Every structure is written in structure tokens, then in C-alpha cells.
Amino acid sequence: MAIDSRLLMRIRREFPAAEKDPSGRKRAFLDNGAGTLVTRRSAEAEAEARIDWSANVGNLFPESVGAGETILEGRRAVADLLRAESPDTIISGESCTSLLFALSYALSRNLKGDSNVVLTGYEHYANINPWAELGGMGLISQLRLAKFDLDTGLLDHEDLKKQIDKNTKVVSVTAASNVLGTRSDLKVIGKMAKEVGALFVIDAVHHVAHGPTDVRKIGCDALVFSGYKLFSRHGSYMYLTPELVEKLHPYKVDPSPKHGPEKWEWGTRDQAMFAAIRGAVDYLVWLTNPNSKIPPKPGPQRAAKLREAMEMIEDYEREITRIVLDGYGKILGLRHIPGLTVFGPKDSASRLGRDPTFSFKLAGYDDHGLSKILWSKYALAVGAEDYYSRVPALYNTKTMCRATFVHYNTRDEVFALLNALWQLSEKRKK
Ligand SMILES: Cc1ncc(COP(=O)(O)O)c(C=O)c1O
């Protein structure tokens, strides 16, 4: 199945805020990189769990039993989304930042100061500081960042290969840059990590909404993503291989479970968060067959449906990417607008593709001013920030404007952005 204009209309109905902001103003929401809109199914599932299953787990009364089941169903849903071995490999946390800190602390127990950690040069700080902290404590000798090409935004695999050696303990990379949209070639990088026996960790926060994620196919040891970047609420999830869930020793309090994902979870979990992510997964499954009343069985059947959904999304977004960069008919894309610099990969037809995340600057405008005009005059929600990334500084700037599209965005919304930027570019000359 493909996302065509009829399905897109139905998709937009699944997102109550797709058309208008809370004040009732019609706008195009293009700040998805900072957090997507929430699907109705996720919000409703959360509200239901919040009211019905409000108790703590482990008791006989329905509120408690329901809470336990809700947590397990949420883990199952995430496991199917990532094609993980079992729900026992899915650990929840407050944010991916906190999960990556939890992972680095757990790994730090076996470090003696002679190993290194390798990252890409385009990481979000959530995947830098947890490892840098180990350096600060003298537990690793080096934190190495592989170069990327400032023109194409692509990772320099030669440099990455040089950075990884027999002392590399962890290779941790973002699946896609939240500023450049560059996708990391996870298969190739994973192979480099495995060749030296390093752990392979993936920050999938930015990429998770844009294509299939299959932890077993990638062969990673850990992967994190956040619900608020996947049509749900805040709260995040970490996949760990079954061996690592058991083998590592996270910081924990004595009475909490000694095995399974609960061993990794600090304090009392919020069952409504698990209901919310299950709701988002239900939505993705719905996408593959909007008229079906029979949901697929949890497990391989649902995992296959989720892959199909994410492939539909990826196909649709590939076309969006092409229009944003190259244009459509008479409207030329970002690459052609005078005075506009677009960062990251410009080749919309490359093998790896790119996420539809476009950071840009327009000569004659400061980023915040441009974001303000795009919002006030054109009703386009576009960010202007550093995005907690080291990337803007590498281009000698503090901030960039960023428009991130997801599958509920329409071609008309792309045209609206392009038209606005063309007009603002023209105005500069006058
Ligand atoms: C690539 C990437 N990694 C990590 C994070 C941080 O995620 P969280 O807010 O769940 O800690 C973000 C947030 O923008 C991100 O884009």
C-alpha cells in the first residue's frame, strides 16, 4: 500500500492537531524534529490507562493487574516495532538522554581507562556527554569523533575506520543527524564495530519516525528512541540484547528486580506511558490496512505489519524530500533559492536516502528573525536553534533554521514553505 492523497486525508484525521494549532490557526507543522504531533490513538490509550490502571503493579485488584498488563503490552509493542527478540529486551526511561547515561554508567564498571569510545561528528549531545563523562572520570582514554563532509553531510567512513581500533569499547552513532538529515550506514558501521569486538549502540531518536528499524538485522547491542518523536508522548525506550540486559549492572536500588528490564528502571514506572506508545504502534499498524477491524497478533505478524508501515512512510517521505530539495513543476526547491544555504545531503536519490530534515539559512535574515516571519506571516512552524547538536558550531554558527517533515505533512505544506522562502529571498534584493 502507498500513502496517496486519500489515505493522507485519513492520516491527518488521526492527528487532531494536524491542521490547526490550539488557538485555531491553520498552519503547517514543520517542527517535527523537535517532537511530532500526537496521534489520537496514543492520547486516548494514555488517558484510558491513566484513569483505569492507576495503581502500582504487583497486586490482585484490577487496577494493579491492568497496570502490569499495560506495561507488558507496551513492551511487546515496542519489541515488535524494533523486531526485538522479546519484550524483556525493552527498557523504559524518562528520556533517551537518561537512558544513554544509564547505559554508559553500567558499562563504566568494567572500564580501566585504556579503552576509547567512537562516535560520529554529527551527534546530538545526548549521545556525547554520557560517554564524555567516562573520560572525565578517567574510565576511557579517548572520545573520538569521526569526521563528516561539511558539503555533503556524509560520514567519512575512511576516517571512522581509522578511529576504531582494538581498544574501542563502544561505537555509538545516531541513525540520522537531527540537524543534517544524514543517515548513518548502520550495517557498515556495525560491521566495523564488531570486527574489533566493540559494542554497537544506536541513537534512533531522530530517525525512528522515518523508516523501518530492525535491531536484529542491524545487529546492534543497544538502541534508544523517544515516544515524543514517534507520534506519542514523552518517555523513552532502550533495546538491549538479551545478554546485555542480564550481564550489565546498572545503578539500582537493592529491592528492585535483579533480572529483566525492570532491573534497569529507576523508581515506579508510568503505565500510561506504555499505553501511549502502544497506541502509537496501533496507529502505525492501522496505516497498513485502514479498513481492517482485525488487528494483527502481537509478535512476528505485527512486526511485519510495522515494517510495512515504516516502508510506506519512507516511500512517501522520499518524494517529499525530492520536492523540498529539487522542486516540483514550476516551483524550484531549496537548492535553487538564491541566498539560501541548505545543510546536509542534497542528493535526493542517493542509495541510503536522507531523513526529511532540512536545516537552512537565508542570507540577510538571522535565524530567529526568519523563523518568526515564517510563523507570523506564513503560518509555518519552523525551528531556529542549536538542537543540542555540535553540528551548527562546525559551520561556524550558533543556530540554524530547521524544517522537519513527517508522513502527515502534505505536498501543499512543502509548497507553502518553498513559496515563502522564494518570496523572502526575492525581497532581499529590493
Ligand atoms: C538525535 C537525537 N538524540 C537524542 C535526543 C534527545 O532525546 P531525549 O529528549 O529523549 O533525551 C534528540 C532530541 O532532539 C535527538 O534528536
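Biologist: Which residues does Gln271 touch, not counting residues up to four places away in sequence?

Modeller: Gln271 touches Trp53, Ser54, Ala55, Ala67, Thr70 and Ile71, where contact means heavy atoms within 4.5 Å. A word on the source: this is a predicted model, in which local features need pLDDT of at least 70, side-chain atom pairs count only at pLDDT 80 or more, and totals for chains, interfaces and linings use all residues. Residues are numbered from 1 along each chain as its sequence is written, and side-chain values use heavy atoms, with hydrogens and water left out.

Biologist: Why does Gln271 count as buried?

Modeller: Its relative accessibility is 9%, and buried means under 20% relative accessible area, with over 50% exposed and partly exposed in between (1.4 Å probe, protein chains only). Therefore Gln271 counts as buried.

Biologist: What makes Leu180 buried?

Modeller: Leu180 has 0% relative accessibility, so Leu180 counts as buried too.

Biologist: Why is α1 called roughly antiparallel to α10?

Modeller: Helix α1 (residues 5–14) and α10 pack at an angle of about 165 degrees. Angles under 35 degrees count as roughly parallel, over 145 as roughly antiparallel, 65 to 115 as roughly perpendicular and the rest as oblique. That makes α1 roughly antiparallel to α10.

Biologist: Which residues meet there, in α1 and in α10?

Modeller: From α1 come Leu7, Arg10, Ile11 and Glu14, and they meet Tyr283, Trp286 and Leu287 in α10. By class, this contact has five nonpolar, no polar and two charged residues (Ala, Val, Leu, Ile, Met, Phe, Trp, Tyr, Cys and Pro count as nonpolar, Asp, Glu, Lys and Arg as charged, and the others, Gly among them, as polar).

How values were computed
Axes fitted to C-alpha atoms, helices over the stretch in contact; angles between N-to-C directions. Helix = DSSP H or I, 4+ residues; strand = E, 2+ residues; numbered from the N terminus.
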